[in-house]
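Trainee: Before we look at the model, could you take me through how its features are to be read, one by one?

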Amino acid sequence: MKSIIFNIVFLFVLPYLMYGIAKKVKAFFARRKGPSIWQYGYDLAKLLRKEEVLSDFSCLRNGGVLTLSGVLAAAMFIPQISGSSILNLGYYDYILFIYMLSFSRFFTIITAMESGCSFEGMGSSRELIFSVTGEIALMMTVASLAFYGKAENFNGIFNAISNGGTEGLIIAIIASFILFVLMLLEGSRMPIDDPETHLELTMIHEAMVLDQSGPQLAFMSFSGMVKVYLFASFIISLILATCKTSSYYWLFFILGIIIISVIIGLIESLQARLRMVHVQQYILFSAAISLILLLSVIIFKV
Amino acid sequence: MSIWQQPIQQVLILSLILAAGGIISAFFNSRVRGRIFAVIAGAVGAYSTLLMVLGIRGQEFFEYSLGSMNFSLDLVGRFFIATVGLGIFFSALYNASLSGNSRAFEQKNRFYYGSLGIFGASMLQVLLVKIDGTLNSALLFMSAWEIMSLFSFLLIICSDEVKGVSGKGLTYLLVMHISAAFLMTGFIAISGNPFGGDLYGFWALLIGFGIKLGLFPSHFYMADSYETAPGASAGLISGVMINMAIYGILRTFLVCVKYAGIFGYILLIIGIVSALWGVLSALAENRAKRVLAGSSMENMGLIIIGVGVFTIAEYVYNVHTAALMALAGVLIHSLNHSLFKAQLFYSVDLIRNHTGSTDLDKLGGLGKTFNNLKRSMLLGTLGISSLPPLNGFIGKFLLYASFFELLFNVESFKVALICVFCLVILGTVGALSLFVFVKLYSMIFLGAEREKFPQMRKAVENRLNSITLSAMSLLSLTIGVAPILFAYNRGKLTNVLYELTLNAFLIIGFSLLVWGFRHLLVKLNGSRKSPTWGCGYSNITSRMEYTADSFSLPLMRLLDKIFPRKENNEPVTELYPADITRTYEVRNPIKESIDFICSKFNDLLGKLQFLQSGLMQNYLWISIIFLVLAILYAIFSSSTAGGVK
Amino acid sequence: MEIFEFIVTLLLVVTLLRISISGRLEVYIKMLSLQGLLLFSLVFFTVSHESYVTLAVAIIETLLLKAIFVPFYLNKVIKENNIKRETEPYVPHIFSLLMVSLGIGLSLAAAFYMKQEIPEVKIVLLGSGIAMILCGMFVILSRKKIITHVMGYCVLENGIFLLSLSAAKELPVIVSLGVALDAFIWVLLAGLLVRVIRTELKSQSIDELKGLKN
């Protein structure tokens with residue numbers, strides 16, 4: 001019970017902290033002071049206090065609500081700061097995780113398409129196309145991890161990796177590389193999508209929220225952050241599983257979160273956004289790496 | 001023996017009532033016709049479903065013979081009869097809601113309900129026939145099957161909506177007969193007759209049922225015929241009739257254990273190709289009914305993947321949990337498909353009646369006009385793109401689970417590679433079908449209205465059809481939320497279904513929670529509407545909206561080789577061009593190649609036309625030549641046979 | 001040691017994927033040199049060396065030839081000719097990535113079946129060797145420029161080297177030496193050829209410029 005509350009509390013704190021740290025790193029590289037690392041939290045709070053302005057064309061009001069609830073439901077399955085997930089389901093919770101993310105994506109796009117604006121259509125179309133490729137990588141990674149541990153749930157995967165020794169380490173490293181790319185995709189971070197661009201033609205995720213405001217926008221932004229947080233905690237759980245840390249798990253976890261956000265910030269300050277054509281290749285490359293993951297798992301197990 | 005112990009007789013009588021009701025309704029005028037039929041068919045459908053689900057207690061297997069006709073009913077048959085009954089029930093309700101609507105073409109046709117009634121009755125008959133490998137049973141099965149095909153053809157050509165109805169209908173009839181020929185060959189071969197061993201028989205059955213299902217190379221007729229069919233019957237054909245072929249495959253293939261290995265892998269391959277091809281062709285299309293036809297192919301592909309993994313798990317590797325989950329997935333998915341596909345077809349038909357078009361580039365912004373339809377179709381869309389907490393997810397999840405079971409329990413390189421590959425394919429197909437149905441839904445309901453329809457009449461959406469469609473979507477939601485209803489024993493399957501129930505409640509609970517939060521915020525801070533901002537475009541019009549083409553084109557351009565398009569891009573020459581039309585049409589390479597073969601064959605026949613001269617003497621000459629050749633053949637073959645002796 | 005072998009071959013396969021998706025010749029050269037280094041580490045750390053001669057040959061072949069000389073030479077050719085990227089390949093990069101990953105999967109499957117026939121073979125090395133050969137062939141087939149063909153040939157040659165490592169416990173000097181020499185001469189010839197073409201083109205373009213002046 002204590003760990004559940006712990007998880008839930010940090011689920012509402014760490015996501016925008018990650019974004020804040022990434023922003024701070026970017027500011028450091030630009031020799032600026034940068035906003036406080038809590039700035040994203042303040043932004044969300046401000047948005048929640050604002051009046052909601054909907055498009056004249058909109059007819060479903062609860063798109064943002066459903067997007068956020070899909071992501072929150074996905075958060076129930078991934079082990080987080082306390083080292084265990086909030087709901088310990090027995091069977092194939094990784095599939096549930098993937099489909100909850102799809103659920104939230106569906107409503108993000110439906111909400112975007114409501115406004116009848118062409119930029120939003122463009123963003124949705126791109127998001128869907130990249131998500132198809134991302135789905136290949138994610139499904140292959142998760143299936144290979146599950147096959148490695150013959151695991152019917154997330155906990156089984158992590159147990160198998162912590163018992164796997166060097167093999168487990170190799171697999172965790174490859175898998176976390178793929179998951180990192182997928183994290184950038186889901187959170188629309190730098191080499192895939194520039195969260196701070198001002199050119200609509202190059203936007204993906206930002207184009208979809210152009211016409212949203214107030215609580216709706218807050219829900220959308222927050223669900224993006226939570227997605228990044230969830231993938232990050234997946235990666236951290238994989239890496240920490242190889243180290244077999246049991247005491248002070250939460251400390252290591254927060255350290256991991258900070259490291260990942262620093263890496264995100266580094267990438268954003270050192271690399272330019274990829275061209276649209278290359279984004280597809282970038283994600284497909286991670287899918288190819290996931291094929292290698294699968295093959296190495298097969299080599300280890302069969 | 002009480003009446004509850006004789007379900008077969010009851011269903012037979014019900015099917016006769018259904019057919020008779022259809023025929024009787026032809027004698028009344030168009031206003032009353034629909035209602036009479038709706039009452040009869042609705043009662044028959046509801047009763048047969050209830051009978052199958054709740055009415056039978058204790059006994060699991062029934063048999064009945066009428067003269068030389070043998071009927072039987074077991075659990076699989078009961079499941080499919082319940083599905084058909086449900087389909088007939090909803091179809092009757094939907095048809096009743098259309099009666100008196102002058103824009104629904106099928107209402108003008110006097111024999112529409114007659115065909116519908118006989119069609120429904122023949123589906124019930126197909127499910128009752130006892131298939132025991134004898135020719136007698138095969139003949140009975142095939143006669144019911146042929147009646148089904150024939151009347152589905154009549155239903156397809158009922159409307160004059162699309163150009164070239166008769167041609168497309170005839171293609172459908174021809175294809176159905178090719179399928180029937182293969183089926184008959186297959187039945188003869190497996191009943192132990194001299195020509196062809198078992199393997200050939202099963203190939204023939206696979207081709208026959210595969211054509212009916214619209215699996216990969218034989219899918220070319222589906223989009224055309226579903227588009228031609230009036231929506232009310234397209235729902236029944238695409239949603240319910242297709243299940244008959246799944247039933248046939250389950251019935252005939254599962255008897256065959258000897259070739260289970262080969263057929264399992266073949267089914268997997270065919271299923272994967274069909275699922276991918278179907279969903280991509282749905283993505284390429286821009287007319288709602290064709291999109292739905294592509295999605296039918298995709299779902300049938302998924303079901304065939306399920307049958308394949310069932311065969312492999314049960315008969316090759318003996319992993320019973322995997323087999324059980326695959327079979328449960330197949331059955332639940334076929335039920336789900338019959339629900340949401342019919343619902344989507346009816347919704348699209350309603351929109352077609354309203355606007356006169358199913359072209360996604362003309363529709364748009366209808367969400368305000370159709371308030372109830374918008375909601376029920378959102379549920380249907382969620383269901384068909386297999387997202388939780390709707391029913392489509394249940395079937396998909398069980399398929400995933402069966403692959404994982406197989407993966408964990410068999411240690412073999414081949415199985416591991418195949419299982420993970422199939423899992424990835426399932427995931428990709430899921431993501432693509434999300435793409436397809438987001439496109440369909442948002443192009444119909446969201447955004448600005450692309451065209452003003454002069455005949456806008458709210459009356460099209462009446463109380464009856466909104467109740468019907470809402471009921472269908474609510475039934476889907478019930479299956480999705482409480483799949484635990486399907487559990488019948490204490491095993492892993494039940495645990496998985498329990499978990500799915502929990503998951504559905506989880507997502508619904510979160511939605512309610514966040515919804516309450518938003519409600520509170522809106523109450524505190526207010527909410528208003530204003531024109532779309534769109535980065536400073538004042539006054540966004542529908543001409544600036546993203547169209548269905550532009551939505552899917554970036555992906556389809558990558559697949560240019562597989563799904564070729566006919567594009568007509570007029571180049572822009574002036575600075576202020578007056579009018580530029582850009583048309584875009586999906587070509588169907590398989591249909592084109594079949595057309596090519598047919599035209600070559602036609603040419604050949606044309607060259608042989610000199611034989612048909614009309615002169616008696618010529619015909620006599622031909623027959624004499626034939627006779628002489630036959631005699632010569634007989635002499636030579638007997639002499640060589642003698643020589644061998 | 002097996003884990004080390006595994007990691008090295010894993011990295012080799014990743015270089016294949018990188019090659020298949022890239023259009024920049026710079027990346028190709030980097031990857032070729034990386035492959036050379038990886039092969040060197042594989043030879044140096046995992047193969048047992050009975051005589052210093054074989055070790056010396058192996059080092060010369062992998063480190064000097066593959067990792068340093070050939071990339072350096074190719075780099076020079078590219079710089080001189082001012083070629084930066086592959087123009088319009090026959091197939092889009094996405095499909096070539098798909099094909100190469102398919103090839104990797106297939107070759108590993110083939111290695112598994114060969115393992116059943118010949119038990120002493122090393123699956124990982126064999127599978128990635130076949131994958132490298134397939135990838136090299138694919139690069140030659142799908143790209144247009146002659147310099148890229150040379151690089152594809154180098155990848156193919158690395159694959160053969162890896163294949164020879166997988167089969168025998170000791171390094172078969174003669175085989176790999178022959179192949180390496182062959183590849184070396186090919187690279188030299190192709191470099192010369194490219195230079196010749198460049199000079200021809202140069203004169204032509206100058207002629208064109210003159211024509212414009214008039």
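Trainee: Is Y92(A) buried or exposed?

Mentor: Burial is judged by relative accessible area, with buried meaning under 20%, exposed over 50% and partly exposed in between (1.4 Å probe, protein chains only). At 1% relative accessibility, Y92(A) counts as buried. This is a predicted model, in which local features need pLDDT of at least 70, side-chain atom pairs count only at pLDDT 80 or more, and totals for chains, interfaces and linings use all residues. Residues are numbered from 1 along each chain as its sequence is written, chains are lettered from A and ligands numbered from 1 in the order in which they are written, and side-chain values use heavy atoms, with hydrogens and water left out.

Trainee: Where does Y92(A) lie, and what is its phi?

Mentor: Helices (H or I, at least four residues) and strands (E, at least two) are DSSP runs, numbered from the N terminus. Y92(A) sits in the loop between α4 (63-75) and α5 (93-114) of chain A, and its phi is near 55°, a positive value in a residue other than glycine. In chain B, N318(B) also has phi near 55°, and N318(B) belongs to the loop between α11 (288-316) and α12 (320-355).

Trainee: Which peptide bond of chain B is cis?

Mentor: The bond from P388(B) to P389(B) is cis, with omega near 0°, and P389(B) is placed in the loop between α13 (371-384) and α14 (391-409) of chain B.

Trainee: What are the corresponding values for chain B?

Mentor: Chain B has 20 helices and 5 strands. Its radius of gyration is 27 Å, close to the 26 Å that the rule gives for 645 residues, so chain B is as compact as a globular protein of that length. The C-alpha trace of chain B spans about 100 × 70 × 65 Å along its principal axes, and 57% of the residues of chain B count as buried.

Trainee: Which residues lie nearest the centre of the largest cavity?

Mentor: Rolling a probe the size of a water molecule over the atoms shows where empty space is left. On a 1 Å grid over the protein atoms alone, a cavity is a set of points where a 1.4 Å probe fits but cannot get out, and lining residues have an atom within 4 Å of a point. The largest cavity has 13 lining residues, with L295(A), I299(A), L10(C), V13(C) and L108(C) nearest its centre.

Key:
On a 1 Å grid over the protein atoms alone, a cavity is a set of points where a 1.4 Å probe fits but cannot get out, and a pocket is an open set with protein on both sides within 12 Å along at least five of seven lines; lining residues have an atom within 4 Å of a point. The radius of gyration is taken over C-alpha atoms; the globule rule is 2.2 Å times the number of residues to the power 0.38.
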